[in-house]
Amino acid sequence: MEVPSPARMYDALLGGSHNFDVDRQAASNATALVPDLPKVALSNRAFLRRSVRYLADMGIRQFLDIGSGIPTVGNAHEVAQRAASDARVLYVDIDPVAVAHSAVILAGDERASAIEGDLRSPADLLSDLRVRSIIDFDKPVGVLLVAVLHLLSDADRPHEVVATLRDALPEGSYFVISHLSSANRPDEAAQLGEQARDKSGVPIIFRGREDITSFFDGLTVVDPGVVELPLWRPESEADIDEEPGRSLGLAGVGRKDAPAS
Amino acid sequence: MTTAHSVDRFATRWAASLKGAVAPAMTRAELEDMLRELTEQLAAAVRSTPFRPELGRAVGKALIDAHYRDTSVLNRTLALLSEEFVAEIGGEIGHELGNGDLMARLSQLHGAVAEGFAIALRDTVLAEQETTQRAALAAARAAEERRRASEARFQAVFAGAAVGIGVVDLTGTVLEVNEAMAGMLGLTPDDIRGRTIGAVIGPENIGHAYAEFQKLLGGDINQFRLETAHLRPDGRVANVDLSMTAVRDRTGTPDFFIGVAVDVTERRRLQNRLWHESRHDALTGLPNRMLFFERLEAAEQPIGLCYLDLDGFKNINDSLGHDAGDHVLRVAANRLRKAVEPDGCTIARLAGDEFVVLIERCGSPDRVAREAEKMLAVFGRPIEFDGEQLSVTGSIGVVHSALVGRDPGRLMRAADVTLYQAKANGSGRWERYDPARGERELTRHSLATAMPAALAQNEFLLHYQPLVSLADSSVRGFEALVRWDHPRLGRVSPGQFIPVAEETGNINALGQWVLEQGCLQAQRWFDEFGIDDLYVSVNVAATQLRQPTFVADVLGTLDQVGLPAMCLQLELTESAVAGDTHGALVALRELAAAGVRLAIDDFGTGYSNLAHLGRLPVHQLKIDRSLLSSSRKGEVVDPAHDKIVAATISLAHSLGLDVLAEGVETTTQADRLRLLQCDGAQGMLFGGPVPVSEAAEVLACQTGRANSA
């Protein structure tokens, strides 16, 4: 464990102990640059919680969480299963350690499992027999791309990746996307990106608002649209921890509808 | 009394104090619910009798379980658990216990909450670290398992491959070979592992392979192939086709070599068999014509050849059947092989009953003769077939390169010619090549083979000899005589090539060519000089006359050229029209009917059957020159010949035929012939055969004279 992993860094930012020294070091380096970074992590986790609840309320019963990292406190299956006990969740991550970690945490939960997979090869992912055995592609799916697309470089063609997934899923499916953004604090975003790339070896692409919004092309974006993390359907004023105008994360939820005739 | 209202207020204050602490799992409302519950617990703890401060531990633990792990959470909680708590919750208890006691209880409760928080935090962190370590270990194990599975798969491919695979390090040491590779060599992988590449490719190939390995190392090539033959421990020979490839690291430097081998033993064996079968005679097992000529081409000089042909073999086949013939050939081949092979000679069956023995490094012609003697000796004993004793003999032509030259084609022709000679001289004998005779035969042979091409390449030409009227010495026609300007042999005489042409059948094409050219020339003369009764006389061979298309060919040619039939004379020998040649007679009648002149050539050399001539539609008799020549010195005319000539002329005239004398050389002869009323003549006295230009001059002269006269 000589290289920090995004999954464990995230856990460290959330105050978890599912991480190693390198991960904590990388997280603390980032926090030194942007002291409110843990709050961004918190906002993101809170967005995940709210969006999964929303999808469950909309009747979604199967979730495909790609780039899930380590499903610690407040993760998708907990939220989903609390909202609807028959909800199924499949976690997919590229990091074999995170997948092994997930397997340990998910042991005994029949409705949640984790597999290793690469978001950059969506066609392979869609035809993976393990995916097919859990996700029924004839029924709406909730696809969670939470804090993962910013780990894909432009060369990985993230927009095409999302489009491929979108085209493969039935109408009524939802896409939940959150993404680190340079929209509000471009200088700090640039510094963070640089540091992550050079010191931690974890390239993070801070994308602009338009760029992030265009991930929802072909989808119907639900209210309130693509917004700062804390502003996406907060439960109450009191739940807004971050100062919205300063948030480093943008988020939104889109639905695949029948094509307009 | 503690009221729900005060609990709510305290919980709300508590929740507000925790704002900003990282805890992702709950909404504010959920948090307040939890803190309300905890507030109740704290109140219960303070009130407990006897006092049980340890109840505070559960509160500390609950915060941790709700993921409120930051130490600031403990701080804020403990800060609230003083005046704030007393004010909202503890007032009543304070009254009961006294303020000092309450504060002491709160202090102990602080300790318990902090203890619970710390213990839960420690347990949680340890548990999470444990989980994390287990996950890391599990991932490492999974990776190891994948590696092992991948290796096992590779091993299965490697071990089960039908092709041989070997890995060789840069020092040439074999690191690994599979069963297939070892099996090809008749060894086990253990036999080969750790040995050098020589064990795989054979020590005799090391030199060549070393150079190739150097090229692989240097990057000049990526792969090389070699085919090796191994003597396996079981004594069999294995042919292995081996490709060596360098496996390079990222910088292009070879790490090791991989060899892929295919057992080509069966393929090689099949190739060898096919090679053998294509070069050997199935009946006798001897080398065939193809292999013989390969050996002859490559043979070390000087060379001797014995060309043997069984005498009367056709009779054996015809009278006793092909089984007998085959049996005789097999026995003869076997005996001949035993006779000459110990001397290092090659014996081959060329065709049918023809065998040839090749003697290389053959010092003297006598050596060839000795081999020929040995060959003839094998027929001393009869060959038994089906209870019958067959007496078989052979004839042999013997040649030596010292007399013929080393050219294989020439040697074989010389041997053939000599064999023919031996046959002609009586069977069961061998004949040595006679250079003088052989040269003639060889020339005949080369003329025969060259003739078709010569026709195509216009090597032939016509000369014309005047045919004159004895009455006024005027030229009435020309005999067309064919000549051959051979590019190598020079001018070849008709005496040499006409018989060859007749033997080979080329005479038909040649005759047709002469006919066409003669007719064309006659037509040109007719156009040029306007002599309407001038004719061209063309010789026709017996075989031509027997061609079913002959009449059509002649009439077609006349038609094509536009020459009147009366301007063409065909000369035939007596023998060509003699005997029972009904077809010939019909042909001649047709031609005569069409107006073509017919002449009997060389009359007096054959049977000179005038009675027969009477029945032929012939116009002219050409008396052979031999009847004009004198047998005795000093005399101009042989008296006996003179009488024959006189009688012939008289008889011919009585049959209504013209007579022309050939070979007239002197005026005496001409005078005598005139006296005997011979109609025409040809010979040196009137002009020999000349090229077409000179013939034209003769005509020009004659027409000029006629015009001026």
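Modeller: In this predicted model, chain B holds an open sheet of five strands, which follow one another in the order β7-β8-β6-β11-β12. The pairing within this sheet is mixed. At its two edges stand β7 (346-351) and β12 (430-432) of chain B, each of which pairs on one side only. From one strand to the next, the twist averages 20°.

As a general point, strands of a sheet pair through backbone hydrogen bonds, and they do so either parallel or antiparallel. One pair in this sheet shows the antiparallel sense: strand β6 of chain B, residues 304-310, is joined to strand β8 of chain B, residues 354-359, over six bridges. Within these strands, B:Leu308 stands opposite B:Phe355 of β8(B).

Helices accompany the sheet. Helix α15 of chain B, formed by residues 365-377, packs on the sheet and touches β6, β8, β11 (394-400) and β12 of chain B. The direction of α15 makes about 165° with that of β11(B). Helix α12 of chain B, residues 289-298, lies across β7 and β8 of chain B, and runs at about 130° to β7(B).

Chain B also contains helices that pack on one another. In general, two packed helices are described by the angle between their axes and the distance between the axes. For helix α17 (residues 408-424) and helix α18 (residues 435-456) of chain B, the axes come within 10 Å and cross at roughly 115°. The crossing of α17(B) past α18(B) is right-handed. On the side of α17(B), the residues that meet the partner helix are B:Arg413, B:Ala414, B:Val417, B:Thr418 and B:Gln421. On the side of α18(B), they are B:Arg437, B:Gly438, B:Glu441, B:Leu442 and B:His445. By class, the residues of this contact divide into three nonpolar, four polar and three charged.

Helix α1 (residues 4-17) and helix α4 (residues 71-80) of chain B pack at an angle of about 150°, and their axes are 10 Å apart. Here too, the crossing of α1(B) past α4(B) is right-handed. B:Arg13, B:Trp14 and B:Ser17 of α1(B) make the contact with B:Arg76, B:Thr77 and B:Leu80 of α4(B). These residues divide into two nonpolar, two polar and two charged.

B:Met184 belongs to helix α7 of chain B, residues 179-184. B:Met184 counts as buried because it has 23 C-beta neighbours inside 10 Å, and the cut-off for a buried residue is 20 or more. Apart from its neighbours within four places in sequence, B:Met184 is in contact with B:Gly164, B:Ala238, B:Val240, B:Ala261 and B:Asp263. B:Ala261 is 77 residues from B:Met184 along the chain, yet their C-alpha atoms are separated by 8.8 Å.

Finally, chain B touches chain A: 23 residues of chain B are in contact with 25 residues of chain A. On the side of chain B, α2 (28-47) and α6 (99-160) each supply at least two residues. The largest share, 13 residues, comes from α6(B). By class, this side of chain B has eleven nonpolar, seven polar and five charged residues.

Terms used:
Residues are numbered from 1 along each chain as its sequence is written. Chains are lettered from A and ligands numbered from 1 in the order in which they are written. This is a predicted model: local features need pLDDT of at least 70, side-chain atom pairs count only at pLDDT 80 or more; totals for chains, interfaces and linings use all residues. Two strands pair if DSSP finds at least two bridges between them. Helices (H or I, at least four residues) and strands (E, at least two) are DSSP runs, numbered from the N terminus. Axes are lines fitted to C-alpha atoms, for helices over the stretch in contact, and angles run from 0 to 180 degrees between N-to-C directions. Two residues are in contact if their C-beta atoms, placed from the backbone, lie within 7 Å. Ala, Val, Leu, Ile, Met, Phe, Trp, Tyr, Cys and Pro count as nonpolar, Asp, Glu, Lys and Arg as charged, and the others, Gly among them, as polar. A residue is buried if 20 or more other C-beta atoms lie within 10 Å of its own, exposed if 12 or fewer, and partly exposed in between; C-beta atoms are placed from the backbone. A crossing is left-handed if the near helix is turned anticlockwise from the far one by less than a right angle, and right-handed if clockwise.
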